[in-house]
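Subject: Handing over the structure

Dear colleague,

Here is the structure I promised to pass on to you, and below it I have set out what was found, so that you can follow along with the model open beside the text.

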Amino acid sequence: FVGREPFRKACIGRSEKRSWKQTINLTWGSFFFSIFLALIFGLIWTHALERPAIKYYDASVMMYASCAAAEAIVEPLFIISQSYLYLRMRVLIEGVSFIFQ
């Protein structure tokens, strides 16, 4: 949520004075920002917080963080579908995102 929502708000809006090339380039920033946040919060979660006695705790935290970053790959498609009101594409993207979760 923290990595995607600001990019969605910045990219979806008035479309009459928009350069789609710049918009698509901006949406890919969401993916890299999500990777950055996943690494930072994953490291905080594994090293700064109290650790439970679970065998593969570190691996599961990093796997969860990598899944959150992988969801951001579809963000450019989501923003385009929202701008052009492609409802079938949005349903497909949300479905794929739900499957990856």
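One aromatic cluster is made up of W28, F31 and F32; please keep in mind as you look at these side chains that the model is a predicted one. A search through the whole structure gives 3 aromatic pairs. In one of them, the ring centres of W28 and F31 are 6.3 Å apart and the ring planes stand at 90 degrees, so this pair is edge-to-face. Both W28 and F31 belong to helix α2, where they sit 3 residues apart, which is about one turn of the helix. W28 counts as partly exposed because its relative accessibility is 36%, whereas F31, with a relative accessible area of 16%, is buried.

Another aromatic pair is formed by W45 and Y64, which is also edge-to-face, with 6.5 Å from centre to centre and 90 degrees between the planes. This pair links distant parts of the chain, since W45 lies in helix α2 and Y64 in helix α3 (residues 57-71), 19 residues apart. Are these two residues buried or exposed? W45 has a relative accessibility of 38% and therefore counts as partly exposed, while Y64, at 61%, counts as exposed.

T46 is likewise found in helix α2, and with a relative accessibility of 3% it counts as buried. If residues up to four places away in sequence are set aside, T46 touches R51, D58, V61 and M62.

Next comes the way in which the helices pack. Helix α2 (residues 20-48) and α4 have axes that come within 8 Å of each other and cross at roughly 135 degrees, and the two helices are therefore oblique to each other. Their crossing is right-handed. On the α2 side the residues in contact are W20, I24, T27, W28 and S30, and they meet E75, P76, I79, I80, S83 and Y84 in α4. Sorted by class, this contact of α2 with α4 has 7 nonpolar, 3 polar and 1 charged residues.

Helix α4 (residues 75-84) also packs against helix α5 (residues 87-100), at an angle of about 155 degrees and with the axes 9 Å apart. How do α4 and α5 run relative to each other? An angle over 145 degrees counts as roughly antiparallel, and α4 and α5 are therefore described in that way. The crossing of α4 and α5 is left-handed. In this contact, L77, F78, S81 and Q82 from α4 meet M89, R90, I93 and E94 from α5, and the residues of the contact divide into 4 nonpolar, 2 polar and 2 charged.

Within α4 itself, the buried residues are E75, P76, F78, I79 and S81. After α4 comes L85, which has a positive phi, near 60 degrees.

Finally, there is a loop to look at. I12 has its place in the loop between α1 (5-11) and α2, and it counts as partly exposed because its relative accessibility is 30%. Although I12 and T23 are 11 residues apart in sequence, their C-alpha atoms are 9.0 Å apart in space.

Conventions. Residues numbered from 1 in each chain as written. Predicted model: local features only at pLDDT ≥ 70, side-chain atom pairs only at ≥ 80, totals over all residues. Heavy atoms only, no water. Axes fitted to C-alpha atoms, helices over the stretch in contact; angles between N-to-C directions. Helix = DSSP H or I, 4+ residues; strand = E, 2+ residues; numbered from the N terminus. Parallel < 35°, antiparallel > 145°, perpendicular 65-115°, else oblique. Left-handed = near helix turned anticlockwise from the far one by under 90°. Contact = heavy atoms within 4.5 Å. Nonpolar A, V, L, I, M, F, W, Y, C, P; charged D, E, K, R; others polar. Buried < 20%, exposed > 50% of the residue type's maximum accessible area, 1.4 Å probe, protein only. Phe/Tyr/Trp six-rings, centres within 6.5 Å; stacked < 30°, edge-to-face > 60°.
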